[in-house]
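User: Could you take a close look at the salt bridges here and walk me through them?

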Amino acid sequence: MSASSRPPVLALAVLLLAAGSSAAAQMPLPRVDYSAVLRVSGAPAPVRVAHHAGVMRSEGQVGGRAVVGLLDLASGRVTLLPAGGGGPAVQLPPGTPVPGLADFDLRAFALGPARGRSQVAGHACTLHPVSERGQPVGTACVHVQDIVLAFDGTVRGHAVKMETLSLSLAAQSPAAFTVPAGAGSITDWLQRLPPIPGLTAPRQPVP
């Protein structure tokens, strides 16, 4: 997954934490394709996410525009795509948070040993403590396929509560998770813009 003070940007981080061993362990990648609808504290509407082959897809509003985010879970790299096409794809450095999207760098999170069982959205899950860089942040309930179905805790100073409303363990279309050829960096994207004083062009001297 911040420049935003709103907790929904943390949704993906808590969704994807995966089961650890008897000691705290960094989460592995989800083991299956799936799509899910989440209820996240602070989000005005349910959050939709999907996973395929180590890439998470989410949709949201960034700067008032509908945007698709593709998060590579192994590297933390985020690619932004205009929803419905009509613009260039932009790749952001690993760990870059995107206010308005449920994309978040997961590599700092880990799960501790199991502490019980529960059920969310009709799916069984195991309760685990969650830590970030060695500090406890909350509790997650993890599906056997390494999908977190619920989370309750405090991340980056924000109280975050997430619950899965529906989960479909179904194959996803690989095309929806593919970074288009020619996707550029944020620097490339800025260079395509018309000159903007102070952003993409030097400020003009005041007469």
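Analyst: Happy to. In this predicted model, a salt bridge joins the side chains of Arg31 and Asp146, at 3.2 Å from N to O. The two residues come from distant parts of the chain, 115 residues apart: Arg31 sits in the loop between β1 (25-26) and β2 (34-40), and Asp146 in the loop between β11 (135-142) and β12 (148-155). Their surroundings are worth a look too. Arg31 counts as exposed because its relative accessibility is 54%, over the 50% cut-off. Asp146 counts as buried because its relative accessibility is 8%, under the 20% cut-off.

A search of the whole structure finds four salt bridges, and another of them pairs Arg39 with Glu163, whose closest N and O atoms are 2.9 Å apart. This pair also links distant parts of the chain, with Arg39 in strand β2 and Glu163 in strand β13, 124 residues apart. Arg39 is partly exposed, at a relative accessible area of 46%, and Glu163 is partly exposed as well, at 34%.

Strand β13 (residues 158-168) also holds Thr164. Thr164 counts as buried, given its 2% relative accessibility. Leaving aside neighbours within four places in sequence, Thr164 is in contact with Val37, Leu38, Val120, Ala121, Val148 and Leu149.

One more salt bridge brings together the side chains of Glu59 and Arg57, at 3.7 Å from N to O. Here Glu59 counts as exposed, with 53% relative accessibility.

Terms used
Residues are numbered from 1 along each chain as its sequence is written. This is a predicted model: local features need pLDDT of at least 70, side-chain atom pairs count only at pLDDT 80 or more; totals for chains, interfaces and linings use all residues. Side-chain values use heavy atoms; hydrogens and water are left out. Helices (H or I, at least four residues) and strands (E, at least two) are DSSP runs, numbered from the N terminus. Buried means under 20% relative accessible area, exposed over 50%, partly exposed in between (1.4 Å probe, protein chains only). Contact means heavy atoms within 4.5 Å.
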